[in-house]
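Let's take a walk through this model together. Keep your viewer open and select along as we go.

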Amino acid sequence: MIYDTNLLIGHIRERSLPPLQTIISIVVVGELEAFSLKADWGAQKIDFMRYLIDRYPIGDIEFDIIPVYAQLDAFSQGKLKTAPLNYSARNMGKNDLWIAATALYLDMELHTTDNDFDRTGGPASPNVRIALSKALIIMQTTLEPQTSFEVTNKGFYGHFGGAFIPEMLYPNVEELRQNYLSIIADPAFQAEFWQLLEDYVGRPTPLFLAKRLSAKLGATIYLKREDLCHTGAHKINNTIGQILVAQRLGKKRIVAETGAGQHGVATATVCALMGLECIVYMGSIDMERQKPNVDRMRMLGATVVPATSGSQTLKDATNEAMRHWINNPVDTHYIIGSVVGPHPYPDMVARFQSVISGEVRKQLFAKTGSSNPDYVVACVGGGSNAAGAFYHYLNEPSVRLVAAEAAGQGVTSGHSAATTALGKPGVLHGSRTILMQTEDGQVIEPYSISAGLDYPGIGPLHAHLFESGRGDFYAITDDEALEAGFELSKLEGIIPALESAHALAALAKMNLQPDDVVVVCLSGRGDKDLSTYSKFL
């Protein structure tokens with residue numbers, strides 16, 4: 001069916017829709033595409049809302065609540081078992097949510113009647129695209145609540161995930177989505193991937209019993225030594241996998257973002273190995289505080305481009321990398337470094353990083369006779385090392401998953417990156433997650449002494465772990481991370497990255513018992529942070 005606004009309202013009038021206590025959020029079925037109403041919908045918005053208010057005894061309602069035909073329709077037909085969740089615009093940014101006030105449900109298609117928005121490439125209002133990207137809420141978890149912690153085929157973990165992207169980015173992401181699983185499953189890919197992890201990266205990395213740290217904390221502490229990977233961090237597990245995917249997709253150029261510089265170095269490394277052009281975007285502030293990694297990237301042949309907008313850190317580098325990808329879709333692959341971004345990136349990165357927990361299970365069994373520790377602890381910015389460390393334990397409820405976020409100068413200081421403490425649901429960089437945002441949906445600039453953790457959101461997997469209670473999240477301040485970093489250096493002779501130091505600091509906040517076995521993912525080495533550490537010697 002083709003609807004304009006009048007036909008839509010008429011269709012509502014023809015159905016015997018039940019009264020609802022509130023008008024609620026949007027549901028869109030995965031394979032169908034949502035199209036906006038025509039560009040002058042703003043002029044019709046108030047009339048349409050008044051019509052709904054008059055039609056149904058819904059009580060008090062603010063105009064920043066989203067009127068949604070699709071869920072009303074679905075609920076009236078019994079397709080939703082309970083009344084859907086109440087999402088106000090405060091959850092997702094109220095200035096443009098109303099633009100997406102109508103959605104598709106199963107067999108309905110909604111097109112504009114004036115060619116403002118044409119799926120074949122006609123012009124579209126940027127505000128319409130932004131609104132749709134922000135406002136589309138997952139159908140799958142509303143109709144079929146997810147009990148597993150595995151990603152759905154639509155790219156969701158519980159209520160979080162998906163691919164909320166502008167039309168110009170759709171071909172890039174769709175090409176990847178349609179091919180990544182078959183590429184990864186190919187025996188030739190698997191053989192090359194594992195050969196490079198062993199011979200080039202240096203896997204498996206050790207699982208080290210930190211005896212002196214264990215004695216101090218009163219529990220058995222193992223360190224998963226990702227800091228001993230080639231390039232000094234876990235990031236290369238993912239870049240090895242993605243460079244092989246890019247080659248099989250026929251890409252000749254790689255673009256990436258980086259915060260602490262570890263992902264940038266890992267990307268530059270594999271590009272040098274495979275002979276592909278490499279462009280890395282990095283926030284100007286991060287380039288100053290992580291200069292050794294900038295020099296390493298350039299020595300490896302990469303072009304390092306400063307991101308000078310916004311906070312000039314990881315968020316802004318990600319924005320710039322995505323813009324580059326949009327403008328160069330044919331020959332360029334974007335290697336995202338964390339479990340963030342539109343589907344399939346969170347799942348693909350987690351799969352490549354899952355080598356961490358796969359090795360832990362085998363190594364821990366060899367050392368203790370059990371594959372399962374009591375706790376797995378990792379730092380979380382976007383959360384790639386945590387996703388890898390948690391991956392094989394997601395459906396093992398006896399293993400507690402502990403995430404350490406960056407509280408910066410304190411959760412309530414105004415200088416923090418503690419997403420789960422300060423954030424709320426919204427869309428960031430193409431996926432629905434938890435992020436730090438203002439009342440009207442503007443992203444709040446994060447802060448952390450650690451360049452790899454000052455990100456305003458977390459990956460959708462981690463958002464689901466937090467919301468479901470499967471993960472325990474701790475907010476670690478700069479001072480606590482520094483103290484933990486110095487402590488490990490002096491107790492075990494290992495200087496951790498400041499990111500990893502946040503995970504170590506979480507140990508002091510946990511109620512550890514003498515018989516507890518804890519695995520901490522030591523995601524990277526600390527030589528990149530020596531200039532920061534040296535200020536506190």
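Predicted model: local features only at pLDDT ≥ 70, side-chain atom pairs only at ≥ 80, totals over all residues.

Stop 1: Start by colouring the strands β5-β6-β16-β11-β12-β15, given here in their order across an open sheet of 6 strands with mixed pairing. Look to the edges for β5 (207-209) and β15 (471-477): each has a single partner strand, so one side of each lacks a neighbour in the sheet. On average, neighbouring strands are turned by 25° against each other, direction ignored. Now zoom in on β12 (residues 400-408), which pairs with β15 in the parallel sense over 7 bridges. Select Ala403 and you will find Phe473 of β15 opposite.

**Stop 2: across the sheet.** Next, show α20, which lies across β5, β6 (220-225), β12, β15 and β16 (517-522) and runs at about 95° to β15.

Stop 3: To see the contact, display side chains including Leu482 and Leu488 of α20 and Leu498 and Leu504 of α21. The contact residues divide into 8 nonpolar, 2 polar and 1 charged.

Stop 4: Finally, move to α11 (residues 262-274), which spans 18 Å from first to last C-alpha. Is α11 mostly covered or mostly open? It is mostly covered, with 10 of its 13 residues buried. Among the buried ones are His263, Val265 and Cys271. Their cover includes α8 (187-201), α10 (235-248) and β7 (253-258). Just past the end of α11, select Gly275, where phi is positive at about 75°.

Notes
Residues numbered from 1 in each chain as written. Heavy atoms only, no water. Contact = heavy atoms within 4.5 Å. Helix = DSSP H or I, 4+ residues; strand = E, 2+ residues; numbered from the N terminus. Nonpolar A, V, L, I, M, F, W, Y, C, P; charged D, E, K, R; others polar. Expected span 1.5 Å × (residues − 1). Buried < 20%, exposed > 50% of the residue type's maximum accessible area, 1.4 Å probe, protein only. Pairing = 2+ DSSP bridges. Axes fitted to C-alpha atoms, helices over the stretch in contact; angles between N-to-C directions.
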